[in-house]
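Hi,

Here is the structure I promised to pass on.

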Amino acid sequence: MKQAMINTAVRVTNSAGVFGQQMFHFYRGMLRALLIAPKESQVKNVLALLSILALPALAAEPTLYGRYEYIKLPEIGGQTLKAKMDTGALTASLSAKDIQTFSRDGDDWVRFRLATKDADSKVYEHKVSRVSKIKSRADEADDEGETTDVAKRPVVELELCLGDVKRTIEVNLVDRSSFNYPLLIGAKGLREFKAAINPAKRYVADKPDC
């Protein structure tokens with residue numbers, strides 16, 4: 001019976017992947033100790049341990065998205081934009097123009113208009129969460145840090161809807177009208193969406209529904 005229980009633990013941890021296999025060596029000793037307990041409590045103790053071992057298998061797997069996806073901005077007039085999912089960039093960027101920072105009740109705010117193909121002249125205002133210092137690179141792989149030519153961009157927190165998933169992420173504002181995609185989602189935003197990117201795919205999630 002003891003060996004059968006240990007074998008069950010092996011199967012559970014194997015199904016959980018590499019992390020589960022590593023955990024097995026630690027929990028195997030605990031399992032054997034539990035089996036020394038009185039018979040009436042052995043099954044209960046083993047089931048409790050196996051539920052812990054199964055946790056890695058229940059962890060959320062990354063969702064696969066394409067190189068380009070549709071993303072909705074509920075706070076920006078409900079606009080749905082084509083976005084570039086860029087693992088080489090750090091932060092997200094939204095194409096904006098007439099960007100002006102101002103103070104309101106002691107806080108930094110920014111007003112702007114969308115700089116997209118079909119945008120109207122509506123002005124949006126958002127509280128600034130921080131100012132990002134970003135080097136300008138032609139491949140759009142934005143890196144933050146000190147350099148001799150640093151662009152300072154206001155960063156706001158925006159709700160974004162990708163497929164049926166909604167997350168609030170930091171987005172810096174910059175005129176991207178010279179690029180094909182008005183919205184870029186960098187590595188930080190991709191982590192929030194628990195996204196894995198297949199560069200050979202496009203619009204895997206279809207239109208946003210959240």
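Predicted model: local features only at pLDDT ≥ 70, side-chain atom pairs only at ≥ 80, totals over all residues.

Strand β1 covers residues 63–73 and pairs with β9 in the parallel sense, over five bridges. If you want a spot to look at, Tyr 65 has Ile 197 as its bridge partner in β9. With β2 (residues 79–85), β1 runs antiparallel, and six bridges join the two. Lys 72 is bridged to Thr 80 there. These two strands make a hairpin with five residues between them, and Gly 77 in the turn has a positive phi of about 65°. β1 also runs antiparallel to β6, joined by two bridges. Ile 71 finds its bridge partner, Leu 162, in that strand.

On to the inside. The largest nonpolar core has 28 residues, and Ile 71, Leu 73, Leu 94, Leu 160 and Ile 185 are the ones with the most contacts inside it. Setting aside its neighbours within four places in sequence, Leu 73 touches Gly 78, Gln 79, Leu 81, Leu 94, Leu 158, Glu 159, Leu 160 and Leu 183.

Now the rings. There are three aromatic pairs in the structure, and I'll describe two of them. Tyr 70 and Tyr 203 are stacked, at 4.5 Å centre to centre with 25° between the planes. That pair brings together distant parts of the chain, with Tyr 70 in strand β1 and Tyr 203 in the segment after β9, 133 residues apart. Are these two tyrosines buried or partly exposed? They fall on either side of the 20% cut-off for buried: Tyr 70 counts as buried because its relative accessible area is 19%, while Tyr 203, at 23%, counts as partly exposed.

The other pair is Phe 112 with Tyr 124, which is tilted: the centres are 6.0 Å apart and the planes make an angle of 35°. Phe 112 sits in strand β4 (residues 107–114) and Tyr 124 in strand β5 (residues 124–135), twelve residues apart. Both Phe 112 and Tyr 124 are buried.

Two arginines also lie over rings. Arg 104 is over the face of Trp 109, at 4.4 Å from the ring centre. Arg 111 is over the face of Phe 102, at 4.0 Å from the ring centre.

Last, the cysteines. How many disulfides does the count come to? The answer is one. Cys 161 is joined to Cys 210, with 1.7 Å from S to S. The link between Cys 161 and Cys 210 is right-handed, with 135° about the S-S bond. This pair, too, ties distant parts of the chain: Cys 161 is in strand β6 (residues 150–162) and Cys 210 is in the segment after β9 (195–202), 49 residues apart. Cys 161 is buried, at a relative accessible area of 0%. Cys 210 is partly exposed, at 32%.

Happy browsing!

Methods: Residues numbered from 1 in each chain as written. Heavy atoms only, no water. Disulfide = S-S within 2.5 Å. Helix = DSSP H or I, 4+ residues; strand = E, 2+ residues; numbered from the N terminus. Buried < 20%, exposed > 50% of the residue type's maximum accessible area, 1.4 Å probe, protein only. Pairing = 2+ DSSP bridges. Phe/Tyr/Trp six-rings, centres within 6.5 Å; stacked < 30°, edge-to-face > 60°. Lys NZ or Arg CZ within 6 Å of the ring centre and 35° of its normal. Core = buried A, V, L, I, M, F, W, Y, C linked by side-chain atoms within 4.5 Å. Contact = heavy atoms within 4.5 Å.
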